[in-house]
Amino acid sequence: DGRDRSNCALYAKEALKDGGVIIFDNTNHPPYNPGIETLKSDGYKELRFYGLAPISTLFSATSIFYKKDNCLNI
């Protein structure tokens with residue numbers, strides 16, 4: 001994770017079990033767009049949440065990437 005989140009997205013989708021979801025932090029930061037687009041192009045839908053980041057006064061986004069029949073029933 002960390003600054004290598006886009007590459008982590010590639011490996012996460014390969015390691016994910018059927019029905020699993022991917023939680024991707026700081027999805028509002030442009031450097032992570034390649035990882036986000038990779039997941040979306042593979043058929044994942046995105047549910048994005050905005051709020052204050054821990055130990056900060058800045059807003060950030062965390063996204064859940066999921067497919068049909070996932071463990072969260074979304």
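The model is predicted: local features need pLDDT of at least 70, side-chain atom pairs count only at pLDDT 80 or more, and totals for chains, interfaces and linings use all residues. Residues are numbered from 1 along each chain as its sequence is written, and side-chain values use heavy atoms, with hydrogens and water left out.

**Stop 1: helix H2**

Select residues 33–41, which make up helix H2. Helices (H or I, at least four residues) and strands (E, at least two) are DSSP runs, numbered from the N terminus. Within H2, colour Gly35, Ile36 and Leu39, which are buried. Buried means under 20% relative accessible area, exposed over 50%, and partly exposed in between, with a 1.4 Å probe and protein chains only. Look down the axis of H2: its buried residues fall within an arc of 100°, so they line one face of the helix. The arc is that of the directions from the helix axis to the C-beta atoms.

Contact here means heavy atoms within 4.5 Å. After H2 comes glycine 43, with a positive phi near 95°.

**Stop 2: aromatic rings**

Select Phe24, Tyr32 and Phe65, which form one aromatic cluster. The structure holds 2 aromatic pairs. Rings of Phe, Tyr and Trp (its six-membered ring) pair if their centres lie within 6.5 Å; planes under 30 degrees apart count as stacked, over 60 as edge-to-face and the rest as tilted.

**Stop 3: lysine 67**

Select lysine 67 and tyrosine 44. Lysine 67 lies over the face of tyrosine 44, at 4.7 Å from the ring centre. A charge sits over a ring if NZ of Lys or CZ of Arg is within 6 Å of the ring centre and within 35 degrees of the ring normal.

Lysine 67 lies in the segment after E3 and aspartate 42 in the loop between H2 and E2, so the pair ties together parts that are 25 residues apart in sequence. A salt bridge is a side-chain nitrogen of Lys or Arg within 4 Å of a carboxyl oxygen of Asp or Glu. Lysine 67 is partly exposed at 35% relative accessibility, and aspartate 42 is partly exposed at 34%. Include Lys13 in the selection as well: salt bridges that share partners join Lys13, Asp42 and Lys67 into one network.

**Stop 4: glutamate 46**

The whole structure has 4 salt bridges. Select glutamate 46, whose side chain meets that of lysine 40 in one of them (3.1 Å, N to O). Arginine 48 also forms a salt bridge with glutamate 46, with the closest N and O atoms 2.8 Å apart. Glutamate 46 is partly exposed, at 23%; lysine 40, at 36%, counts as partly exposed, and arginine 48 does at 31%.

**Stop 5: asparagine 70**

Select asparagine 70, in the segment after E3. At 4% relative accessibility, asparagine 70 counts as buried. Its side chain reaches the backbone nitrogen of leucine 72 at 2.9 Å. Show Gly19, Gly20 and Val21 too: asparagine 70 touches these residues, not counting residues up to four places away in sequence.

Methods:
Polar contact = N/O pair within 3.5 Å; in protein donor to acceptor, adjacent residues only side chain to side chain.
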